[in-house]
Each structure stands twice: as C-alpha cells, then as structure tokens.
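Me: I am new to this structure and would like to go through parts of it with you. Could we begin once it is displayed?

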Amino acid sequence: MSEKYPSTNSYYSEKNGGHPNGDYPMETFSGEDDDRTTDFTSDENKDRGNWSGRMDFLLSCLGYAVGLGNVWRFPYLCYKNGGAAFFIPYCIMLGIVGIPIFFLELSLGQFTSRGIFNCWQFAPMFKGIGVAMFIVSLLVGIYYNMIVGWSIYYLCASFTSKLPWSECGDWSSEWCSENVKDLNATQCVAPLTYNDTTTVCYNGSTVYGVVDTTVAETFGMKKIIPSEDYMNRAVLGTAFSEGIHDLGPLNWRLCLCLLGAWLIVFFSLIKGIKSSGKVVYFTALFPYVVLIILLGWGLTLDGYFDGIRFYILEADLNKLKEAQVWKDAAVQIFFSLSASWGGLITLASYNRFHNDCLRDSLIVSIGNCLTSFFAGFVIFSYLGFLAKELGTTVAKVATSGPGLAFVVYPDAVTRMPVSPLWAILFFIMLITLGLDSQFAMLETLTTAVIDQWPDALRKRKSFVIGGFSLIMFGLGLPMCTNGGIYILELMDTYSGGWNVLIIALAECISIAWIYGFTRFREDIRTMIGNFGCNCFPWTCCSFWWIGCWAILTPLGVLFILFFSWIEYKPITSGDYIYPVWAEAIGWCMTLSVVLGLFVTMFVMFCITPGSFMERMSYLTNPTREWGPALVQHRRKIKHVPGFVVDPSSDSTPYDDQYPNKEFGGSYPATNYNDIQVDVDNGVTNTAYEP
C-alpha cells in the first residue's frame with residue numbers, strides 16, 4: 001500500500017517509526033539525530049538484544065582489556081626498559097597504535113551490530129579478517145582458561161591455617177631450600193661426601209648441603225624456594241616431565257579445576273550479554289579493590305621502597321635510544337588492549353546505535369594503561385619486601401609471567417601475618433582478571449557463529465555456548481598433564497603473536513583505503529553526532545583518527561612486525577629447548593591465523609561470478625546489506641552511493657548515477673511531494689536529499 005504525503009522533511013512508517021498523529025516517534029531525513037538519549041528499559045535491536053545498561057558494556061570492555069598481563073608483564077617490562085623512561089614510548093604507542101585500533105573496532109562493531117564474520121560487508125573480500133580473529137580467539141581461549149584453573153587450584157589450597165607452600169613438604173625435592181644446608185668445606189666430612197667440582201655435599205646419594213652456591217649454580221644445581229617446588233611438583237607436575245614429548249598422565253585435580261573454570265564461564269554467559277553484563281560488575285571491579293588493599297598493606301612492609309625505587313624511580317633515559325624498548329612498549333600496548341582478537345567488535349555490536357563509542361574507547365584504553373601502572377606499585381612493593389627477606393637484590397627476584405603469579409608472590413605472602421587471607425585475595429583477583437577476558441573470547445566465538453546462521457542458532461544460543469565450552473574444555477585437557485605447561489607456553493607464544501599484527505594491518509587497510517576513511521568518518525558521525533566524547537567537534541578531531549588509521553597506525557604495526565621477525569628466537573621454557581617438531585606445530589598455529597585471512601580472500605574471489613574486474617569491484621565495494629542493522633538507523637546514511645535503506649525488501653537504492661562529490665557521489669535534489677512511501681515496509685522508492 002502506497003500513499004503520497006505532503007511536502008515534508010519527515011516520513012512515517014507504522015512499522016519502523018512514526019505517524020503524523022504522534023502515535024509513533026518520527027524519523028527525520030536529517031543525518032543529525034537531535035535526540036541522542038538512550039533508553040535502556042528495552043532492547044533497541046529486538047532480534048540480537050542489547051546491553052541492559054551503559055556500564056555493562058564499559059565494564060565488559062575494561063575487563064576484557066585488563067587481564068593477567070597487566071599484573072604480571074607490564075611492571076617487569078617497565079623496570080627492564082628504564083623505569084619511568086619507559087612511559088615515554090609507552091604513551092606514544094598508546095596514542096598512535098593502541099587507541100586508534102581500539103576505537104576502530106568499537107566503531108565498526110557498533111555501526112553494523114554484527115559479529116566478526118559479518119561486519120566486513122563494506123568490502124566482502126576482507127571477511128577473512130573475521131575468520132582470522134575467530135581462530136585467534138579459539139586458540140587463546142583454549143589455554144587461557146587453564147590459567148584460571150591454576151588460580152582456582154591455588155585458591156582452594158589457600159583455605160587453610162598454614163599455606164602448603166610455606167615450607168618444604170612431602171611433595172618437595174631434595175633441592176627444596178629447607179632441605180639444603182649452607183656449609184663450609186670443613187663441615188662436609190665422613191660419612192658425608194664432598195664433590196670438589198660442584199661444591200655439593202652428599203649424604204649417600206641425597207643432597208645434604210652446598211658450600212659455594214655460585215659454583216653449584218653454574219652446574220645447574222641451585223636451591224628451589226618452596227613455592228616454586230610446590231608449583232612444579234604438587235600442582236603442575238612439571239618436575240616429572242622431561243618436556244613436551246613426555247606429557248604423562250592426567251592430573252585429576254587440574255582437570256576438576258579446568259572444568260570448574262569452564263562451568264563458571266558457561267553459566268556466566270548462559271543468557272549471553274544479559275547475564276555476563278551483570279557478572280562483570282564483580283569480575284571487573286573486584287581486582288581494583290584487591291589491588292588497593294594489597295598496596296595499602298605492601299607500603300607497610302620492610303623493604304617496599306627498594307622495590308618501588310627499582311620499578312619506577314631509577315629512570316634511564318639512555319634506554320630510549322634502544323629500538324628494543326620501543327618495540328616492547330608497542331607490543332605491550334597492542335596486546336594489553338586485546339586489539340584485533342575480535343572481542344572488541346563483538347562487545348560493541350551489542351551497543352545501542354547512538355552510544356558514544358569514542359568516549360568509551362578513551363576511558364577503557366587509558367584506564368587499562370593506568371591499571372598496569374598502578375599494579376606495578378603493588379607488585380614491586382612486595383618484591384622489595386621479598387628481596388629484603390631473602391637478603392638479595394630486587395633484580396634477582398623480579399620476574400614476569402606465571403613465575404610471578406604462582407611462585408614469587410605466593411612466596412612473599414608466606415612471610416606476612418595472616419598469609420592465607422592475602423593469598424585468597426590475590427588468587428580471587430587472578431581468577432576475575434582471567435574470567436573477564438575469557439567471557440569476551442567465548443562471546444566472540446558464539447556471536448560469530450550465531451550471526452552467520454541466525455535463523456537456526458539464535459534461539460539456541462545456550463546450546464551454542466555449551467557446545468563451545470565442552471569442545472574447548474576437551475581440547476584443554478592435555479594441559480592438565482605433567483607436561484601441560486609446555487603445551488600452554490607453546491600456544492601462548494604462537495597463537496596470538498605477530499599474526500595478530502597482520503590482522504590489525506588488514507583492518508587499517510580495509511577501512512582507510514578500501515572502504516574510505518571519509519565514509520567511515522561519516523559512519524561514526526551518524527552514531528555519535530558532531531560532539532563525540534562531549535569535547536572537540538568530530539569534524540575537527542576526526543582528522544587525527546583518519547591520519548592514524550591511514551598512516552600512523554599501519555606504520556606502527558609494521559614497525560612491531562619488523563622487529564618481531566628480526567629478533568625471532570626459537571621457543572624455550574627456562575633451560576628447556578623445544579624440539580623442532582614442537583616449534584613446527586607452533587608455526588602451524590600462527591600460520592592458521594594468517595591462512596584464515598588470505599585463504600578466505602581467495603575463496604571469496606573464486607566463488608564470486610564475473611570477470612576479474614567485476615569480481616574485484618564487487619569484493620571491494622559495499623554490499624546491499626552493509627550498514628546499520630535497523631532500518632530506522634539506515635535511513636540516516638546518505639554518504640554511501642547505492643545504499644539500500646531496507647535490504648530485506650525490494651526497495652531501490654539511492655541513485656548511483658549521481659555520485660556524491662564529497663564521499664564519492666552526489667545525489668540530485670528531490671521534490672518531497674513526489675516521494676512514495678510504503679507505509680507497511682517503511683521505505684521510500686526514491687533517493688532523498690535533506
């Protein structure tokens with residue numbers, strides 16, 4: 001049914017927004033939306049759903065970005081690369097690499113309201129970016145939850161009056177520090193046996209003591225603190241494995257902890273963002289409560305200032321001349337924000353269309369970096385205390401990665417009053433840090449699949465989440481063996497390394513140079529208006545983002561890639577050198593991500609009909625479906641030639657004969673008296689010009 005309305009700058013649709021009598025809200029042809037207030041009482045997108053509140057999304061993004069690396073990697077990098085001087089390259093890389101990629105992904109996800117498989121319809125050739133992101137999130141999600149499982153194990157072990165790793169126990173080795181005495185040569189007499197070469201004293205075949213620890217360490221013989229021995233023997237069983245080729249039996253305790261971690265993830269996501277959006281109020285905020293409590297206590301410990309001075313106060317500006325420092329800053333920024341893994345696009349796809357994604361990008365990016373900085377004070381106050389207790393330097397106890405979380409810090413808390421309390425708080429913090437990231441990775445996988453086959457899967461989302469959880473739990477079981485940590489470190493090194501940088505480079509090229517940064521700028525303006533973040537006009541500040549996406553960010557990513565390849569070294573784990581076949585498996589994981597990108601491009605080219613130029617034209621231009629998910633928002637798009645207001649109907653796209661001069665085309669003036677409006681479908685059959 002069609003009607004001709006009188007000349008007006010508004011048209012009405014019973015189905016999609018408006019009636020002249022005021023029974024429905026009106027949609028105007030204006031590209032600017034005067035009323036950008038957001039109603040959270042109901043979903044804007046009835047099919048997909050939306051976040052129930054603005055803070056749900058913000059905290060989910062913050063929880064996804066702030067992960068274990070903020071606590072166990074950044075402080076170590078800071079002291080290693082010149083202390084406070086490290087913040088200069090860190091902040092520069094944040095500005096030209098971190099925030100631009102973060103903002104790009106949030107904008108793309110929010111504009112399209114689609115997952116990582118279907119948000120690339122501005123140039124279908126680049127659908128492979130989504131496939132590559134899917135593979136990265138799958139690989140990382142498999143091993144990341146194992147770290148959460150370790151934290152659950154330690155948390156359960158902490159509910160005791162005396163922490164089990166506070167002293168050597170039945171599980172300890174002969175080199176556990178309390179089992180090895182400090183001697184001089186005159187004390188090692190019969191029936192003891194003294195080895196002049198290693199300076200080790202034996203009681204039969206058992207180590208009794210060491211005369212010169214420095215000499216003994218050159219032969220690989222050194223004391224092991226109880227917390228390290230506990231981790232290697234009682235928890236992981238690494239001491240009973242010779243390497244990745246010797247996995248050994250499954251550890252049923254670790255299996256239960258891994259199962260527990262996956263059950264938490266499953267039940268937190270069982271209703272999608274509606275349930276996870278509430279869980280993050282605890283999981284995203286609790287780590288800050290714990291960090292503040294730990295810092296307050298840490299500043300009362302003897303030796304805390306030595307640690308903080310070592311961490312930040314001894315600035316070495318000469319370090320800025322070293323390319324390695326800049327590379328470390330760029331890598332830490334990039335991976336700390338979890339950019340190009342697909343999670344940011346997925347989380348933003350559940351936003352309401354007019355959410356201020358620029359504001360959220362700045363809040364989360366800067367908040368993530370400040371969290372890393374703050375966590376450094378917490379960690380190094382305890383490392384300073386531990387160094388004082390052991391009579392050594394901070395440099396000798398400072399480390400990063402799992403060794404910091406499961407060896408150094410657990411040892412520090414055993415030397416504090418009410419040590420189980422501090423251990424419980426710390427491991428709950430690790431669990432919540434890991435879960436937030438795991439939530440986003442699993443949501444990325446499930447959303448991508450459901451958006452690809454919505455009719456079959458959307459109403460069965462709980463089963464999809466359960467299926468992914470079960471499969472990934474099964475794939476993670478090999479990490480519950482004695483040699484499981486070797487698998488975990490292999491996956492950690494090769495799953496999300498330089499291959500993610502290639503994804504980021506492809507994102508910048510596809511948006512800035514294929515789709516066009518001026519079009520993308522107008523897409524963002526349609527969402528956030530001309531005063532995003534309530535600060536500078538978007539018309540002005542957009543030039544900075546255009547410069548980053550088109551030039552600065554790709555150059556920064558290429559810089560990281562270049563040094564990553566030049567400085568590549570075969571993977572090791574302490575003194576253990578991985579066999580060639582294991583390294584080959586690692587490279588297969590890396591290349592699977594790259595192949596996911598380029599093979600999909602090739603397949604898309606092959607299945608597209610037409611000549612070479614016709615295929616390239618189709619694959620590098622927006623499809624009929626490109627744009628916002630809802631018709632009421634698609635009506636605002638007037639800067640994309642050939643844009644279709646309602647892809648589900650037979651509506652005619654805006655006239656391609658008149659390319660808009662600013663965006664690649666210009667539309668003729670339209671007499672609104674002649675606009676034909678289909679009241680049932682809410683679409684026009686002619687182009688319009690407000």
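**A buried serine and its surroundings**

Reply: Ser336 is buried, with a relative accessible area of 7% (buried means under 20%, with a 1.4 Å probe and protein chains only). This is a predicted model, in which local features need pLDDT of at least 70 and side-chain atom pairs pLDDT 80 or more, while totals for chains, interfaces and linings use all residues. Residues are numbered from 1 along each chain as its sequence is written, and side-chain values use heavy atoms, without hydrogens and water.

Me: What does Ser336 touch?

Reply: Not counting residues up to four places away in sequence, Ser336 touches Ala65, Asn70, Asn368 and Ser372 (contact means heavy atoms within 4.5 Å). The side chains of Ser336 and Asn70 are joined by a polar contact of 3.5 Å, that is, a pair of N or O atoms within 3.5 Å, one able to donate a hydrogen and the other to accept it.

Me: Which residues does UniProt list for "binding site"?

Reply: The unreviewed UniProt entry lists Gly63, Ala65, Val66, Asn70, Ser336, Asn368, Leu433, Asp436 and Ser437; such annotations may be inferred rather than shown by experiment. They are spread over 375 residues of sequence, yet cluster in space, with a largest C-alpha distance of 13.3 Å.

Me: And Ser437, buried or exposed?

Reply: Ser437 is buried, at a relative accessible area of 5%. Beyond its neighbours within four places in sequence, Ser437 contacts Gly63, Tyr64, Val66, Gly67 and Tyr144.

How values were computed. Buried means under 20% relative accessible area, exposed over 50%, partly exposed in between (1.4 Å probe, protein chains only).
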